[in-house]
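Open the model in your viewer and keep the selection tool to hand.

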Amino acid sequence: MSKVKLLPGAGDQLTPREIVAELDKYIIGQGEAKKSVAIALRNRWRRQQVPEDLRDEIAPKNIIMIGPTGVGKTEIARRLAKLAQSPFLKIEATKFTEVGYVGRDVESMVRDLMELAVALVKAEERESVRAKAEEAVEERLLDLLLPPAPAGAATDTGATREKLREKLRAGKLEDKFVELEVTQRVAPVVEIFSQSGLEEMEFNFKEMMGNIFPARSKQRRLKVAEAREMLLQEEAGRLIDMDRVVEEARRKVEHHGIIFLDEIDKIVGRDHGKGPDVSREGVQRDLLPIVEGTTVTTKYGMVRTDHILFIASGAFHLSKPSDLIPEMQGRFPIRVELSSLGAGDFERILTEPENALIKQYLALMETEGVRLTFTPEAVREIAALATRVNERTENIGARRLHTVMEKLLEEISFTAPDLEDQEITITAEYVRERLANLIEDEDLSRYIL
Ligand SMILES: Nc1ncnc2c1ncn2[C@@H]1O[C@H](COP(=O)(O)OP(=O)(O)OP(=O)(O)O)[C@@H](O)[C@H]1O
Ligand SMILES: [Mg+2]
């Protein structure tokens, strides 16, 4: 057996401390949760370094993140995915129904993950053959540009070709037309309604159709610039070895794949034995083998799920993790709680993250030529008001900042195109002026903020 080459994703090489530092750029607080996911991610890399016989024994330490709504659970998972550069799928547990019922079956998440991985590896592969593909494309463009040599004058075609190549490289021929054969796979539009929906169909339908309706080629006149794009696709496709892509994608899924199961608390049934809860528990039962390790058939072949990392998350308002079926609890040994956010956190969330809400609004207004500034007092006031609304109506966490900011800047947003080249400073007074009535009136804030 040939030795498997180790190609860990970049995120795997980050130390837990570095991973937390990266997450800190986007998520305020929630240190415990960040630490747990950082360790879990690092453990994937550690496992790859362990001798093979032991490696298979090491199961991923799946995590449940527990916390109220809008405190950063999904955000942590989203950022982790970017860092890990591993195939990462986020899916709501509520999407699934028990096998045999109408809806998505749980195995589809593994198929989706595999699909993602194939796209990921293919993109990488396309990048790595790019130089080679570009060379081939240049030759083909020259073939197309070069008029057929008149009989007997074949001697100087080499020189002509080189001259043409120079022009082509200098970008002087971009608008010239060339004629080339374009292949299109024409499949008639068919709509099929089936219980399991499109997803099942895609399973093999597309390929089947591909074979039934052969590629049709057509002569087309294109500018060099357009032709280059098209030829590049074609040449890259020729250079990419799909068998290898699939093999690598499977390896990535099986050893580095992460599935983020959101809203897991919604598949916890509180009453046992009656009503829709039966089917929720059914979903848990269906999930179990996947989390425990099983083989799922995908259109790319069998995929083992033993070492896929699962991160589940839920608010667990009405239920507790201990309400999950016992086998399930055992498969999620790490529990982290995220804390609810206060005014101090909001102040930081408004300004610090790289995608902070205030930064977003500044950039948006900038496009209209309006330069916004927020005084520190204004930021503090917004945070305080948001906290107050959360306390008095419903606590929706940092999401409250979105509604408050939108209301606060409504007027400026509306008139921005008329305000060109103005500097506007948002002060604490302005914040109070715009929002105070709304916030004092509980009914109003319930509807508007
Ligand atoms: N700690 C935080 N730091 C920075 N931004 C945050 C934080 N918590 C929440 N946000 C922001 O609030 C919004 C909602 O957060 P998120 O989607 O993570 O909520 P959640 O915890 O998954 O809630 P739910 O249980 O409702 O799914 C996002 O835009 C996110 O950027
Ligand atoms: Mg969420």
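Two residues are in contact if their C-beta atoms, placed from the backbone, lie within 7 Å. On that basis, residues 24 or more positions apart account for 81% of the contacts in the chain with a separation of 6 or more.

This is a predicted model, in which local features need pLDDT of at least 70 and side-chain atom pairs count only at pLDDT 80 or more, while totals for chains, interfaces and linings use all residues. Residues are numbered from 1 along each chain as its sequence is written, and chains are lettered from A and ligands numbered from 1 in the order in which they are written.

**Whole chain**

Colour by secondary structure: the chain has 20 helices and 11 strands. Helices (H or I, at least four residues) and strands (E, at least two) are DSSP runs, numbered from the N terminus. Of the 449 residues, 29% count as buried. A residue is buried if 20 or more other C-beta atoms lie within 10 Å of its own, exposed if 12 or fewer, and partly exposed in between, with C-beta atoms placed from the backbone.

**Ligand 1**

Select ligand 1 and the 18 residues around it; Thr69, Gly72, Lys73, Thr74 and Ala398 come nearest. A residue is taken as near if its C-beta atom, placed from the backbone, lies within 6 Å of the molecule. By class, the shell holds 7 nonpolar, 8 polar and 3 charged residues. Ala, Val, Leu, Ile, Met, Phe, Trp, Tyr, Cys and Pro count as nonpolar, Asp, Glu, Lys and Arg as charged, and the others, Gly among them, as polar. Helix H4 (residues 73-84) gives the most to this shell, with 3 residues.

**H2 on H4**

Axes are lines fitted to C-alpha atoms, for helices over the stretch in contact, and angles run from 0 to 180 degrees between N-to-C directions. On the H2 side, select Ala33, Lys34, Val37 and Leu41; on the H4 side, Ile76, Leu80 and Ala84. This contact of H2 with H4 has 6 nonpolar, no polar and 1 charged residues.

**H6 on H10**

Next, show helix H6 (residues 130-145) and helix H10 (residues 224-239), whose axes come within 9 Å and cross at roughly 130°. That makes H6 oblique to H10. The residues that meet include Ala133, Val137 and Leu141 in H6 and Ala227, Leu231 and Glu235 in H10. In this contact, 10 residues are nonpolar, none polar and 5 charged.

**H14 and its neighbours**

Move to helix H14 (residues 343-351), where Asp345, Phe346, Glu347, Ile349 and Leu350 are buried. Which helices do the buried residues of H14 pack against? They pack against H15, helix H16 (376-392) and helix H17 (399-408).

In H15 (residues 357-366), pick glutamine 360. Glutamine 360 counts as exposed because 12 C-beta neighbours lie inside 10 Å. Between glutamine 360 and leucine 350 the C-alpha to C-alpha distance is 9.8 Å, at 10 residues apart in sequence.

**H17 on H19**

Finish with H17 and helix H19 (residues 428-440): the axes come within 10 Å and cross at roughly 115°. Val404, Lys407 and Leu408 in H17 meet Val431, Arg434, Leu435 and Leu438 in H19. The contact has 5 nonpolar, no polar and 2 charged residues.

Conventions: Parallel < 35°, antiparallel > 145°, perpendicular 65-115°, else oblique.
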